[in-house]
Amino acid sequence: MQRLIREFQLYYRERARMIFAPEVEKREFMFMGFDDVVRRYISFKSLDSLRSYMADIVPRHAYYSVGLYRRPEMRKMEQRGLEGAEILFDIDATGLKGCSYDLYFCENCSHEQDSEMAVCPSCGSDKIKKMDWIDERCIAIARAEVKKLLKILREDFGLKDDDILVSYTGNRGFHVRILAKDFLKLGKEERAEIAGYIGAKGFDYEVFSSSGGYRFPKPDEGGWRGRFSRALISILRENGMEEIAKDVEQGKPIERSFMRKRRWIMEKAVSRMREEAANIDEAVTFDIQRLTRVPNSLHGKTGLRAMTLTYGELDEFNPFLDAIGLSASPMKVRILRKVPKFSVNGLSFGPYKRDEVVELPAYAAALIVLRERGKTEI
Ligand SMILES: [Zn+2]
(Lines give C-alpha, C1' and ligand atoms only; values in the text may rest on other atoms or scores of the structure.)
Protein backbone atom coordinates (compact mmCIF):
# COMPACT_ATOMS: atom_id res chain seq x y z
CA MET A 1 0.00 0.00 0.00
CA GLN A 2 2.93 2.37 0.74
CA ARG A 3 3.74 2.61 -2.96
CA LEU A 4 0.16 3.60 -3.72
CA ILE A 5 0.05 6.18 -0.94
CA ARG A 6 3.14 7.75 -2.49
CA GLU A 7 1.30 7.84 -5.82
CA PHE A 8 -1.61 9.66 -4.17
CA GLN A 9 0.88 12.06 -2.59
CA LEU A 10 2.53 12.71 -5.93
CA TYR A 11 -0.87 13.48 -7.42
CA TYR A 12 -1.82 15.95 -4.68
CA ARG A 13 1.55 17.68 -4.93
CA GLU A 14 1.82 17.93 -8.69
CA ARG A 15 -1.80 18.46 -9.61
CA ALA A 16 -2.95 20.50 -6.63
CA ARG A 17 -4.14 23.29 -8.94
CA MET A 18 -6.97 21.05 -10.13
CA ILE A 19 -8.46 20.69 -6.63
CA PHE A 20 -11.52 22.85 -6.37
CA ALA A 21 -14.54 23.57 -4.20
CA PRO A 22 -17.11 26.28 -4.98
CA GLU A 23 -17.55 28.82 -2.15
CA VAL A 24 -14.79 27.03 -0.32
CA GLU A 25 -14.90 29.22 2.82
CA LYS A 26 -18.51 28.20 3.54
CA ARG A 27 -18.04 24.44 3.34
CA GLU A 28 -17.31 21.85 5.96
CA PHE A 29 -14.65 19.37 4.84
CA MET A 30 -14.07 15.81 5.85
CA PHE A 31 -11.08 13.62 5.01
CA MET A 32 -10.44 9.94 5.52
CA GLY A 33 -6.84 8.90 5.62
CA PHE A 34 -5.12 5.69 4.61
CA ASP A 35 -4.67 5.26 8.37
CA ASP A 36 -8.50 5.21 8.68
CA VAL A 37 -8.39 8.46 10.68
CA VAL A 38 -11.44 10.64 9.95
CA ARG A 39 -10.88 14.40 10.04
CA ARG A 40 -14.14 16.32 10.30
CA TYR A 41 -15.30 19.89 10.98
CA ILE A 42 -12.50 21.35 8.94
CA SER A 43 -12.81 24.58 7.02
CA PHE A 44 -10.57 26.60 4.74
CA LYS A 45 -10.34 30.28 4.01
CA SER A 46 -9.07 29.74 0.47
CA LEU A 47 -8.52 27.13 -2.22
CA ASP A 48 -4.79 27.47 -1.71
CA SER A 49 -5.01 26.42 1.91
CA LEU A 50 -7.27 23.49 0.95
CA ARG A 51 -4.78 22.41 -1.69
CA SER A 52 -1.75 22.53 0.54
CA TYR A 53 -3.62 20.74 3.34
CA MET A 54 -4.51 17.89 0.98
CA ALA A 55 -0.94 17.66 -0.34
CA ASP A 56 0.17 17.45 3.27
CA ILE A 57 -2.22 14.85 4.71
CA VAL A 58 -2.77 12.85 1.44
CA PRO A 59 -6.39 11.78 2.00
CA ARG A 60 -7.80 8.48 0.79
CA HIS A 61 -11.22 10.14 0.49
CA ALA A 62 -12.01 13.88 0.45
CA TYR A 63 -15.47 15.38 0.91
CA TYR A 64 -17.14 18.72 1.42
CA SER A 65 -20.61 19.70 2.55
CA VAL A 66 -23.50 20.51 0.23
CA GLY A 67 -24.45 22.91 3.03
CA LEU A 68 -23.15 26.48 3.05
CA TYR A 69 -22.35 27.75 6.54
CA ARG A 70 -21.14 30.95 8.12
CA ARG A 71 -18.99 28.96 10.56
CA PRO A 72 -18.48 25.55 8.91
CA GLU A 73 -15.85 24.44 11.44
CA MET A 74 -18.33 24.41 14.36
CA ARG A 75 -19.29 20.93 15.57
CA LYS A 76 -22.87 21.64 16.51
CA MET A 77 -25.26 22.21 13.64
CA GLU A 78 -27.05 25.06 15.42
CA GLN A 79 -23.77 26.95 15.82
CA ARG A 80 -22.80 26.73 12.18
CA GLY A 81 -25.16 29.32 10.76
CA LEU A 82 -26.65 27.38 7.87
CA GLU A 83 -27.23 29.65 4.86
CA GLY A 84 -28.62 26.92 2.62
CA ALA A 85 -27.83 23.52 1.21
CA GLU A 86 -27.67 22.28 -2.33
CA ILE A 87 -29.97 19.34 -3.01
CA LEU A 88 -27.94 16.22 -3.58
CA PHE A 89 -28.94 13.11 -5.50
CA ASP A 90 -26.78 10.04 -5.18
CA ILE A 91 -26.85 7.51 -7.99
CA ASP A 92 -24.75 4.45 -7.44
CA ALA A 93 -24.69 1.40 -9.67
CA THR A 94 -23.94 -0.79 -6.65
CA GLY A 95 -27.00 -2.91 -6.10
CA LEU A 96 -28.59 -2.01 -9.43
CA LYS A 97 -29.43 -4.80 -11.84
CA GLY A 98 -26.46 -5.71 -14.04
CA CYS A 99 -23.90 -4.30 -11.65
CA SER A 100 -23.82 -6.31 -8.45
CA TYR A 101 -21.22 -8.12 -6.42
CA ASP A 102 -19.22 -10.47 -8.52
CA LEU A 103 -17.09 -12.24 -5.96
CA TYR A 104 -17.91 -13.90 -2.65
CA PHE A 105 -14.98 -14.64 -0.44
CA CYS A 106 -14.76 -16.72 2.75
CA GLU A 107 -12.64 -14.89 5.30
CA ASN A 108 -12.10 -18.09 7.22
CA CYS A 109 -10.71 -20.45 4.56
CA SER A 110 -10.22 -18.14 1.54
CA HIS A 111 -12.70 -20.06 -0.62
CA GLU A 112 -14.04 -17.76 -3.34
CA GLN A 113 -16.88 -18.07 -5.84
CA ASP A 114 -18.86 -15.95 -8.28
CA SER A 115 -22.30 -16.81 -6.99
CA GLU A 116 -23.79 -15.69 -3.71
CA MET A 117 -23.22 -17.84 -0.63
CA ALA A 118 -24.59 -17.42 2.88
CA VAL A 119 -22.25 -19.99 4.37
CA CYS A 120 -19.02 -21.26 2.88
CA PRO A 121 -19.54 -24.64 1.16
CA SER A 122 -15.95 -25.51 1.94
CA CYS A 123 -15.67 -24.80 5.69
CA GLY A 124 -19.18 -23.82 6.80
CA SER A 125 -18.15 -20.37 8.04
CA ASP A 126 -20.59 -17.48 7.67
CA LYS A 127 -17.82 -14.88 7.48
CA ILE A 128 -18.50 -14.10 3.84
CA LYS A 129 -17.14 -10.95 2.26
CA LYS A 130 -18.97 -9.55 -0.75
CA MET A 131 -16.58 -7.96 -3.19
CA ASP A 132 -17.58 -5.71 -6.03
CA TRP A 133 -15.71 -4.54 -9.08
CA ILE A 134 -15.95 -1.50 -11.30
CA ASP A 135 -16.32 -1.72 -15.07
CA GLU A 136 -17.87 0.11 -18.03
CA ARG A 137 -21.10 -1.81 -17.56
CA CYS A 138 -21.65 -0.34 -14.08
CA ILE A 139 -20.88 3.15 -15.33
CA ALA A 140 -23.36 2.76 -18.18
CA ILE A 141 -26.08 1.63 -15.75
CA ALA A 142 -25.44 4.59 -13.45
CA ARG A 143 -25.30 7.02 -16.38
CA ALA A 144 -28.72 5.85 -17.62
CA GLU A 145 -30.18 6.65 -14.18
CA VAL A 146 -28.54 10.09 -14.20
CA LYS A 147 -30.15 10.83 -17.56
CA LYS A 148 -33.57 9.87 -16.24
CA LEU A 149 -33.05 12.13 -13.24
CA LEU A 150 -31.92 15.06 -15.39
CA LYS A 151 -34.97 14.63 -17.61
CA ILE A 152 -37.31 14.82 -14.61
CA LEU A 153 -35.46 17.81 -13.15
CA ARG A 154 -35.77 19.66 -16.45
CA GLU A 155 -39.30 18.66 -17.44
CA ASP A 156 -41.06 18.55 -14.08
CA PHE A 157 -39.09 21.08 -12.04
CA GLY A 158 -38.27 23.45 -14.88
CA LEU A 159 -34.59 23.50 -14.03
CA LYS A 160 -32.06 24.82 -16.52
CA ASP A 161 -28.72 23.25 -17.29
CA ASP A 162 -26.97 25.94 -15.21
CA ASP A 163 -29.05 25.00 -12.15
CA ILE A 164 -27.77 21.43 -12.14
CA LEU A 165 -24.31 20.04 -11.53
CA VAL A 166 -23.35 16.49 -12.44
CA SER A 167 -20.26 14.91 -11.03
CA TYR A 168 -18.64 11.52 -11.26
CA THR A 169 -17.76 10.11 -7.83
CA GLY A 170 -14.58 8.34 -8.88
CA ASN A 171 -16.17 4.95 -8.32
CA ARG A 172 -19.44 3.42 -9.51
CA GLY A 173 -21.72 6.40 -9.45
CA PHE A 174 -22.60 10.02 -9.90
CA HIS A 175 -23.75 12.89 -7.74
CA VAL A 176 -26.27 15.34 -9.14
CA ARG A 177 -26.84 18.64 -7.34
CA ILE A 178 -29.44 21.35 -7.68
CA LEU A 179 -27.69 24.67 -7.28
CA ALA A 180 -30.73 26.89 -8.00
CA LYS A 181 -31.19 29.52 -5.27
CA ASP A 182 -34.89 28.69 -4.68
CA PHE A 183 -33.97 25.18 -3.64
CA LEU A 184 -31.16 25.97 -1.20
CA LYS A 185 -33.48 26.77 1.70
CA LEU A 186 -35.72 23.72 1.46
CA GLY A 187 -36.03 21.65 4.61
CA LYS A 188 -35.89 17.90 5.18
CA GLU A 189 -39.58 17.26 4.48
CA GLU A 190 -39.55 19.10 1.17
CA ARG A 191 -36.37 17.29 0.16
CA ALA A 192 -37.91 13.94 1.08
CA GLU A 193 -40.92 14.84 -1.02
CA ILE A 194 -38.74 15.71 -4.00
CA ALA A 195 -36.85 12.43 -3.62
CA GLY A 196 -40.12 10.48 -3.47
CA TYR A 197 -41.41 12.28 -6.54
CA ILE A 198 -38.24 11.51 -8.54
CA GLY A 199 -38.73 7.82 -7.77
CA ALA A 200 -42.48 7.99 -8.64
CA LYS A 201 -43.25 6.71 -5.16
CA GLY A 202 -46.83 6.43 -3.94
CA PHE A 203 -48.42 6.64 -7.37
CA ASP A 204 -51.95 5.19 -7.30
CA TYR A 205 -54.13 5.04 -10.43
CA GLU A 206 -57.25 4.73 -8.24
CA VAL A 207 -57.15 8.51 -7.77
CA PHE A 208 -58.43 8.71 -11.35
CA SER A 209 -61.54 6.68 -10.48
CA SER A 210 -64.76 8.60 -9.95
CA SER A 211 -68.48 7.79 -10.04
CA GLY A 212 -68.53 8.57 -13.75
CA GLY A 213 -65.70 6.13 -14.48
CA TYR A 214 -61.94 6.44 -14.77
CA ARG A 215 -60.89 9.93 -15.82
CA PHE A 216 -57.26 9.56 -16.76
CA PRO A 217 -54.98 12.55 -17.24
CA LYS A 218 -54.41 13.85 -20.76
CA PRO A 219 -51.27 12.41 -22.34
CA ASP A 220 -49.77 15.86 -22.78
CA GLU A 221 -50.01 16.63 -19.06
CA GLY A 222 -46.75 17.25 -17.23
CA GLY A 223 -45.06 14.98 -14.75
CA TRP A 224 -46.05 11.45 -13.80
CA ARG A 225 -49.70 12.06 -14.74
CA GLY A 226 -48.83 12.54 -18.38
CA ARG A 227 -46.26 9.74 -18.31
CA PHE A 228 -48.86 7.36 -16.87
CA SER A 229 -51.42 8.21 -19.54
CA ARG A 230 -48.94 7.87 -22.36
CA ALA A 231 -47.94 4.45 -21.02
CA LEU A 232 -51.60 3.47 -20.65
CA ILE A 233 -52.44 4.53 -24.20
CA SER A 234 -49.58 2.58 -25.70
CA ILE A 235 -50.51 -0.55 -23.75
CA LEU A 236 -54.15 -0.26 -24.85
CA ARG A 237 -53.00 0.05 -28.47
CA GLU A 238 -50.58 -2.86 -28.16
CA ASN A 239 -53.54 -4.96 -27.04
CA GLY A 240 -55.89 -3.91 -29.82
CA MET A 241 -58.05 -1.55 -27.73
CA GLU A 242 -57.81 1.36 -30.13
CA GLU A 243 -61.21 2.89 -29.23
CA ILE A 244 -60.43 3.03 -25.52
CA ALA A 245 -56.98 4.43 -26.29
CA LYS A 246 -58.61 7.24 -28.25
CA ASP A 247 -61.02 8.00 -25.42
CA VAL A 248 -58.14 8.26 -22.95
CA GLU A 249 -56.31 10.50 -25.41
CA GLN A 250 -59.29 12.81 -25.58
CA GLY A 251 -59.86 12.82 -21.83
CA LYS A 252 -63.16 10.93 -22.01
CA PRO A 253 -64.11 8.83 -18.97
CA ILE A 254 -63.69 5.05 -19.27
CA GLU A 255 -66.31 2.82 -17.75
CA ARG A 256 -65.24 1.63 -14.32
CA SER A 257 -66.27 -1.99 -14.67
CA PHE A 258 -64.39 -2.21 -17.97
CA MET A 259 -61.13 -1.04 -16.39
CA ARG A 260 -61.62 -2.99 -13.18
CA LYS A 261 -61.86 -6.22 -15.16
CA ARG A 262 -58.62 -5.24 -16.84
CA ARG A 263 -56.56 -4.05 -13.90
CA TRP A 264 -53.47 -5.61 -15.45
CA ILE A 265 -53.52 -2.84 -18.05
CA MET A 266 -53.30 -0.16 -15.37
CA GLU A 267 -50.70 -2.14 -13.42
CA LYS A 268 -48.62 -2.52 -16.55
CA ALA A 269 -48.95 1.19 -17.28
CA VAL A 270 -47.64 2.00 -13.79
CA SER A 271 -44.63 -0.24 -14.21
CA ARG A 272 -43.89 1.15 -17.66
CA MET A 273 -44.20 4.67 -16.28
CA ARG A 274 -41.84 3.74 -13.45
CA GLU A 275 -39.16 2.80 -15.97
CA GLU A 276 -38.72 6.55 -16.35
CA ALA A 277 -38.20 7.06 -12.61
CA ALA A 278 -34.62 7.54 -11.48
CA ASN A 279 -33.06 5.16 -9.00
CA ILE A 280 -31.72 7.53 -6.35
CA ASP A 281 -30.71 6.93 -2.76
CA GLU A 282 -33.52 8.83 -1.01
CA ALA A 283 -31.76 8.92 2.35
CA VAL A 284 -29.06 11.09 0.78
CA THR A 285 -31.40 13.63 -0.75
CA PHE A 286 -33.25 14.68 2.38
CA ASP A 287 -30.11 15.01 4.46
CA ILE A 288 -28.98 18.63 4.61
CA GLN A 289 -25.68 17.62 6.23
CA ARG A 290 -24.55 15.36 3.39
CA LEU A 291 -21.13 15.53 1.86
CA THR A 292 -20.02 15.22 -1.72
CA ARG A 293 -16.57 14.56 -3.13
CA VAL A 294 -14.05 17.30 -3.64
CA PRO A 295 -13.69 17.82 -7.42
CA ASN A 296 -10.49 16.24 -8.74
CA SER A 297 -9.77 14.47 -5.47
CA LEU A 298 -8.95 10.78 -5.84
CA HIS A 299 -11.38 8.04 -4.86
CA GLY A 300 -9.78 5.73 -2.34
CA LYS A 301 -11.27 2.59 -3.86
CA THR A 302 -10.12 3.24 -7.42
CA GLY A 303 -7.49 5.98 -7.62
CA LEU A 304 -9.78 7.63 -10.19
CA ARG A 305 -10.62 11.32 -10.00
CA ALA A 306 -13.97 12.65 -8.83
CA MET A 307 -14.94 14.96 -11.69
CA THR A 308 -17.47 17.62 -12.52
CA LEU A 309 -19.06 17.00 -15.90
CA THR A 310 -20.96 19.13 -18.38
CA TYR A 311 -23.97 17.74 -20.23
CA GLY A 312 -22.00 17.25 -23.39
CA GLU A 313 -19.42 15.28 -21.48
CA LEU A 314 -21.83 12.93 -19.71
CA ASP A 315 -22.64 10.83 -22.77
CA GLU A 316 -19.08 10.30 -23.87
CA PHE A 317 -17.60 10.13 -20.40
CA ASN A 318 -15.42 7.09 -19.79
CA PRO A 319 -13.73 7.15 -16.36
CA PHE A 320 -11.15 4.61 -17.51
CA LEU A 321 -9.87 7.17 -19.99
CA ASP A 322 -11.00 10.53 -18.63
CA ALA A 323 -10.68 10.18 -14.86
CA ILE A 324 -7.26 8.56 -14.54
CA GLY A 325 -5.40 10.30 -11.74
CA LEU A 326 -2.36 8.18 -10.99
CA SER A 327 0.85 7.85 -12.96
CA ALA A 328 1.95 5.03 -15.23
CA SER A 329 5.01 4.18 -13.16
CA PRO A 330 5.34 0.40 -12.92
CA MET A 331 4.26 -1.34 -9.76
CA LYS A 332 4.49 -5.00 -8.72
CA VAL A 333 1.24 -6.44 -7.44
CA ARG A 334 0.59 -9.80 -5.83
CA ILE A 335 -2.93 -10.96 -6.68
CA LEU A 336 -4.92 -12.02 -3.61
CA ARG A 337 -8.34 -12.67 -5.20
CA LYS A 338 -9.11 -13.29 -8.79
CA VAL A 339 -9.31 -10.19 -10.95
CA PRO A 340 -11.48 -10.05 -14.07
CA LYS A 341 -10.20 -8.73 -17.38
CA PHE A 342 -10.37 -4.96 -17.40
CA SER A 343 -9.27 -2.05 -19.48
CA VAL A 344 -7.93 1.34 -18.46
CA ASN A 345 -6.09 4.03 -20.42
CA GLY A 346 -6.88 2.10 -23.59
CA LEU A 347 -4.86 -0.90 -22.40
CA SER A 348 -6.22 -4.28 -21.49
CA PHE A 349 -5.24 -6.11 -18.27
CA GLY A 350 -6.04 -9.49 -16.72
CA PRO A 351 -7.71 -11.73 -15.97
CA TYR A 352 -5.39 -12.59 -13.08
CA LYS A 353 -5.39 -15.57 -10.76
CA ARG A 354 -4.63 -15.70 -7.07
CA ASP A 355 -0.91 -15.61 -6.16
CA GLU A 356 0.15 -14.30 -9.55
CA VAL A 357 2.65 -11.44 -9.36
CA VAL A 358 2.21 -8.88 -12.12
CA GLU A 359 3.81 -5.57 -12.99
CA LEU A 360 1.29 -2.86 -13.81
CA PRO A 361 1.13 0.90 -14.28
CA ALA A 362 0.16 2.56 -10.99
CA TYR A 363 -3.32 3.55 -12.26
CA ALA A 364 -4.13 -0.12 -13.07
CA ALA A 365 -2.52 -1.47 -9.89
CA ALA A 366 -4.70 0.93 -7.87
CA LEU A 367 -7.93 -0.61 -9.17
CA ILE A 368 -6.81 -4.01 -7.87
CA VAL A 369 -5.06 -3.04 -4.63
CA LEU A 370 -7.59 -0.43 -3.43
CA ARG A 371 -10.36 -3.00 -3.97
CA GLU A 372 -8.46 -5.47 -1.80
CA ARG A 373 -7.82 -7.93 -4.59
CA GLY A 374 -4.08 -7.56 -4.44
CA LYS A 375 -1.19 -5.97 -2.57
CA THR A 376 1.82 -4.08 -3.77
CA GLU A 377 5.17 -5.81 -3.57
CA ILE A 378 8.49 -4.07 -3.20
ZN1 LIG B 1 -14.60 -21.15 4.10
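This is a chat about a predicted model of one protein chain.

Trainee: What should I know about the model and its numbering?
Mentor: The model is predicted: local features need pLDDT of at least 70, side-chain atom pairs count only at pLDDT 80 or more, and totals for chains, interfaces and linings use all residues. Residues are numbered from 1 along each chain as its sequence is written, and side-chain values use heavy atoms, with hydrogens and water left out.

Trainee: How many helices and strands are in the protein chain?
Mentor: 14 helices and 20 strands. They are DSSP runs numbered from the N terminus: helices are H or I with at least four residues, strands are E with at least two.

Trainee: And what box do the C-alpha atoms fill?
Mentor: Roughly 80 × 55 × 40 Å, taken along the principal axes.

Trainee: What share of the residues count as buried?
Mentor: 50% of the 378 residues. Buried means under 20% relative accessible area; exposed is over 50%, and partly exposed lies in between (1.4 Å probe, protein chains only).

Trainee: New topic. How do α7 and α10 pack?
Mentor: Helix α7 covers residues 223-238 and helix α10 covers 263-274. Their angle is about 125°, with axes 8 Å apart. That makes α7 oblique to α10.

Trainee: What counts as oblique?
Mentor: Whatever the other classes leave: under 35 degrees is roughly parallel, over 145 roughly antiparallel, and 65 to 115 roughly perpendicular. Axes are lines fitted to C-alpha atoms, for helices over the stretch in contact, and angles run from 0 to 180 degrees between N-to-C directions.

Trainee: Which residues make the contact?
Mentor: From α7, they include Trp224, Phe228, Leu232 and Ile235. From α10, Ile265, Met266, Val270 and Met273 are among them. Contact means heavy atoms within 4.5 Å.

Trainee: What classes are those contact residues?
Mentor: The contact of α7 with α10 has 11 nonpolar, one polar and four charged residues. Asp, Glu, Lys and Arg count as charged; Ala, Val, Leu, Ile, Met, Phe, Trp, Tyr, Cys and Pro as nonpolar; the others, Gly among them, as polar.

Trainee: Switching to α14. Is it mostly covered or mostly uncovered?
Mentor: Mostly covered: eight of its eight residues, 362-369, are buried. Tyr363, Leu367 and Ile368 are among them.

Trainee: What covers them?
Mentor: The cover includes α1 (2-14), β16 (330-335) and β19 (357-361).

Trainee: Last one. What is the order of the three-stranded open sheet?
Mentor: β8-β7-β9, with antiparallel pairing. The edge strands are β8 (112-113) and β9 (128-131).

Trainee: How many bridges join β7 to β8?
Mentor: Two. Strands pair if DSSP finds at least two bridges between them. Phe105 stands opposite Glu112 in β8.
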